[in-house]
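Biologist: Please show me the model and take me through its fold and its side-chain contacts.

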Amino acid sequence: AGHFHILVDTPFVEAGEVIINDQQHLHFGKGESTTTLELAPGRHVLRLQFANGAHIALTGAAYRDEITVTVK
C-alpha cells in the first residue's frame, strides 16, 4: 500500500529514492487527508508525491503534482 507526501518548497524526490520525514517532507501514511500548514508570507511551492509503504517515490507523472500558493 502507498500513501502521499507533501513537499514544501523542495524539489520532487527522484523515483526509486526514499522520501525522508522532516519539516519539508510531510508524510500522510496513517490515512490522513487534510492538514494545516503554517507558512511564512510569500510564495511557496507545494508538491504532492506518492510513494509505496516503504516511502520509496513511485515512477511516473501520475504520482506527483504541484501548486504554487502565495501567503499574505
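Predicted model: local features only at pLDDT ≥ 70, side-chain atom pairs only at ≥ 80, totals over all residues.

Modeller: Residues are numbered from 1 along each chain as its sequence is written, and side-chain values use heavy atoms, with hydrogens and water left out.

Biologist: Which pattern does the protein follow along the sequence?

Modeller: Helices (H or I, at least four residues) and strands (E, at least two) are taken as DSSP runs, numbered from the N terminus. On that basis the protein has zero helices and four strands. Read along the sequence, the pattern is β-β-β-β.

Biologist: What is the radius of gyration of the protein?

Modeller: The radius is taken over C-alpha atoms, and the globule rule is 2.2 Å times the number of residues to the power 0.38. For 72 residues that rule gives 11 Å, and the protein's value is close to it, so the protein is as compact as a globular protein of that length. The radius of gyration is 12 Å.

Biologist: What is the order of the strands in the sheet?

Modeller: Two strands pair if DSSP finds at least two bridges between them. Strand 1 (residues 2-8) and strand 3 (residues 42-52) are antiparallel, with seven bridges. Four bridges join strand 1 to strand 2, also antiparallel, and eight bridges join strand 3 to strand 4 (residues 64-71) in the antiparallel sense. The sheet is open, and its order is 2-1-3-4.

Biologist: Which residue stands opposite His5 in strand 2?

Modeller: Strand 1 and strand 2 run antiparallel. Within strand 2, the residue opposite His5 is His27.

Biologist: Which residue meets Arg47 in a salt bridge?

Modeller: A salt bridge is a side-chain nitrogen of Lys or Arg within 4 Å of a carboxyl oxygen of Asp or Glu, and a search of the whole structure finds one. Its N to O distance is 3.0 Å, and the side chain that meets Arg47 is that of Glu66.

Biologist: Is Arg47 buried or exposed?

Modeller: Buried means under 20% relative accessible area, exposed over 50%, and partly exposed in between (1.4 Å probe, protein chains only). Glu66 is partly exposed at 39%. Arg47 has a relative accessible area of 16%, so Arg47 is buried.

Biologist: Which residue has its backbone oxygen 2.7 Å from a polar atom of the side chain of Gln49?

Modeller: Gln49 lies in strand 3 and, at 1% relative accessibility, counts as buried. Contact means heavy atoms within 4.5 Å; leaving aside neighbours within four places in sequence, Gln49 is in contact with residues including Phe12, Val13, Ile19 and Tyr63. A polar contact is a pair of N or O atoms within 3.5 Å; within protein, one must be able to donate a hydrogen and the other to accept it, and residues adjacent in sequence count only if both atoms are side-chain atoms. The backbone oxygen at 2.7 Å from the Gln49 side chain belongs to Val13.

Biologist: What is the relative accessible area of Leu26?

Modeller: Leu26 is found in strand 2. Not counting residues up to four places away in sequence, Leu26 touches Phe4, His5, Ile6, Val8 and Leu37. Leu26 is partly exposed, with a relative accessible area of 21%.
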